[in-house]
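Please have the sequence and the coordinates open.

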Amino acid sequence: MNLKRNSNPEGRTGPAPHCPLPENLPENLVPIGQELSRLEESARFSSQVQFEAAKSWQRWNLILGVPASVFGLFTGGAAYTDAFEPWIVGTGALIGAGLAGSMTVLGAERRGTRAKACANTYHDIQDDARRLLLIALAHMSQDEAAAALQSLCDRYSETRQTADAPARRFYKRARKNMEEGGQQFAVDAAKSVPDAQIARAPAAAPGLPDTNSIATTTAPAAPAVNDQEK
């Protein structure tokens, strides 16, 4: 069975795959390696989505919490003085109570903390799956590899059960960040550069020198000028 493991189809857009299968991977471990690659990709995207959710909820916690604290301090201090009209103090108290109630209903702080914890867990699963695939998998038996994969899958399922369902805008932000190279290491980005800047030359005709090699898009150098031809 001949499997193309590190393929990068022509016309592919977006960042290059982060976890191609190792070249020295035994054939009986290829299905496990493919599943590890899928798990790494899924955990990477889930981590980014939860990070976006955590940032949004933390932002809402500040948007609601800071004014609520300010109005609470204002109304508390104004109660000891007669510098403000009663209706001003009452309005401030109502606004502060409304903001505090909104914080309680939304649970922004709680949601943000949970989203951040789930994001870090997904990120750990992503790192463990990548290391297992690229470093340890080729030297493991099939039973050991299957057990390691099952352990990572169990961790992923457990985290997914505890995570809140993120809003659609978090998916869009996460996808945009990933397409722009988010969570991509420099070594992986460097590997994808040549594939985006090279073009395949047409196959050589019989009897002619082989031109089926990678041709760069760099313009050819100008020919040297002989002083005698001036």
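Where do Arg130 and Asp127 sit relative to each other in helix 3 (residues 108-136)? They are three residues apart in that helix, a separation of about one helical turn. The model is a predicted one. In it, Arg130 forms a salt bridge with Asp127, and the closest N and O atoms lie 3.0 Å apart. Both Arg130 and Asp127 are buried.

**Salt bridges**

Side chains of opposite charge can pair when their charged atoms come close. The count for this model is seven salt bridges.

| Pair | Closest N and O atoms |
|---|---|
| Arg44 and Glu40 | 2.9 Å |
| Arg130 and Asp127 | 3.0 Å |
| Asp128 and Arg155 | 2.9 Å |

Take Arg44 and Glu40. Both belong to helix 1 (residues 30-78). They are four residues apart, about one turn of the helix.

Now take Asp128 and Arg155. Their salt bridge has its closest N and O atoms 2.9 Å apart. Asp128 lies in helix 3, whereas Arg155 lies in helix 4 (residues 142-162), so the pair ties together parts that are 27 residues apart in sequence. Asp128 has 30% relative accessibility and counts as partly exposed, because this value falls between the 20% and 50% cut-offs. Arg155 is partly exposed as well, with a relative accessible area of 30%.

Rolling a probe the size of a water molecule over the atoms shows where empty space is left. The second largest pocket has a volume of about 160 Å³. Its lining is made of 13 residues. Closest to the centre of this pocket are Ser46, Gln50, Tyr122, Pro166 and Tyr171.

Which helix gives the largest share of this lining? Helix 1 does, with five residues. Helix 1 and helix 4 each supply at least two residues of the lining. By class, the lining of the second largest pocket has eight nonpolar residues, three polar ones and two charged ones.

Technical notes:
Residues are numbered from 1 along each chain as its sequence is written. This is a predicted model: local features need pLDDT of at least 70, side-chain atom pairs count only at pLDDT 80 or more; totals for chains, interfaces and linings use all residues. Side-chain values use heavy atoms; hydrogens and water are left out. A salt bridge is a side-chain nitrogen of Lys or Arg within 4 Å of a carboxyl oxygen of Asp or Glu. Buried means under 20% relative accessible area, exposed over 50%, partly exposed in between (1.4 Å probe, protein chains only). On a 1 Å grid over the protein atoms alone, a cavity is a set of points where a 1.4 Å probe fits but cannot get out, and a pocket is an open set with protein on both sides within 12 Å along at least five of seven lines; lining residues have an atom within 4 Å of a point. Grid points are joined across faces, edges and corners, and a volume is the space filled by probe spheres set on the points. Ala, Val, Leu, Ile, Met, Phe, Trp, Tyr, Cys and Pro count as nonpolar, Asp, Glu, Lys and Arg as charged, and the others, Gly among them, as polar.
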